[in-house]
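Open the model in your viewer and keep the selection tool at hand. The tour goes stop by stop: what to select, then what is there.

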Amino acid sequence: MKHVACLLATSVFLAVASTAMAAGATTPPQHVDLALGKRATGSPICKPGEEAEKAVNGKLASKTQDKFCTRQVPSWLRIDLGQASRVSGFTIRHAGAGDEPADMNTRAFTVRVSVDGNDWTKVVDVPANTASVTEHPISPVQARYVELDVSKPTQTDDPATRIYEVEVW
Ligand SMILES: [Ca+2]
């Protein structure tokens with residue numbers, strides 16, 4: 001009986017351990033991008049093809065057709081999610097995410113959100129980014145509008161803001 005109990009305990013342990021390992025190996029759920037294909041507006045574009053909507057088109061492949069570019073400083077990009085939604089974070093794909101030089105990555109920016117387009121709450125404040133892709137989890141809020149405001153567009157004196165994608169999740 002002792003032997004059986006021991007075997008039982010061992011198999012229970014193994015079952016628990018393998019469950020834990022399986023859970024650990026599971027790929028984390030992908031974010032659902034609330035901004036994908038939604039309406040976007042922004043400061044004046046660098047050239048045709050680089051409209052605000054290109055920051056929510058789900059593509060990174062083209063340096064001339066898949067990013068939002070503006071030379072206004074500070075610059076802004078506003079996304080209308082279409083309805084008030086639960087927002088828990090953002091992923092921003094900067095110049096380097098589109099295979100452009102990393103010194104073109106957005107240096108200083110904030111993100112603010114609003115339910116009505118009038119009252120805004122700043123939820124992200126990044127003073128010195130260098131990365132090509134940045135993730136910004138926040139305490140979940142209700143928001144319909146999301147605005148990226150860029151105060152320093154690159155790592156250099158280059159005044160162009162280049163945003164390949166803003167994902168809202
Ligand atoms: Ca894009």
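**Stop one: strand S4 and its partners**

Select S4 and strand S6 (residues 133-152): the two run antiparallel and are joined by seven bridges. Strands here are DSSP runs of E with at least two residues, and helices are runs of H or I with at least four, numbered from the N terminus. Strands count as paired if DSSP finds at least two bridges between them. This is a predicted model: local features need pLDDT of at least 70, side-chain atom pairs count only at pLDDT 80 or more, and totals for chains, interfaces and linings use all residues. Residues are numbered from 1 along each chain as its sequence is written.

Valine 113 stands opposite threonine 121 of S5. Go to the hairpin of S4 and S5, with six residues between the strands: glycine 117 there has a positive phi near 85°.

Colour S4 (residues 108-114) by face. Phe109, Val111 and Val113 make the covered face; Ala108, Thr110, Arg112 and Ser114 make the uncovered one.

**Stop two: arginine 112**

Stay in S4 and select arginine 112. (Buried means 20 or more other C-beta atoms within 10 Å of the residue's own, exposed 12 or fewer, partly exposed in between; C-beta atoms are placed from the backbone.)

Across in S6, glutamate 147 stands opposite arginine 112. The two are 35 residues apart in sequence, yet 5.3 Å apart in space, C-alpha to C-alpha. Beyond its neighbours within four places in sequence, arginine 112 has contacts that include Trp120, Lys122 and Asp149. (Contact means C-beta atoms, placed from the backbone, within 7 Å.)

**Stop three: the largest nonpolar core**

Select Ala55, Leu77, Ile163, Val166 and Val168: of the 25 residues in the largest nonpolar core, these touch the most other members. S2 (68-70), S3 (75-94), S4, S6 and S7 (161-168) each supply at least two residues of this core. S3 gives the most, with five. (A nonpolar core is a set of buried Ala, Val, Leu, Ile, Met, Phe, Trp, Tyr and Cys residues joined through C-beta atoms within 7 Å.)

**Stop four: two loops**

Move to the loop between S2 and S3, where proline 74 is found. A cis peptide bond joins valine 73 to proline 74, with omega about -5°.

Finish in the loop between S3 and S4, at aspartate 99. Aspartate 99 is not a glycine, yet has a positive phi of about 70°. Aspartate 99 is exposed, because 11 other C-beta atoms lie within 10 Å.

Terms used. Two residues are in contact if their C-beta atoms, placed from the backbone, lie within 7 Å.
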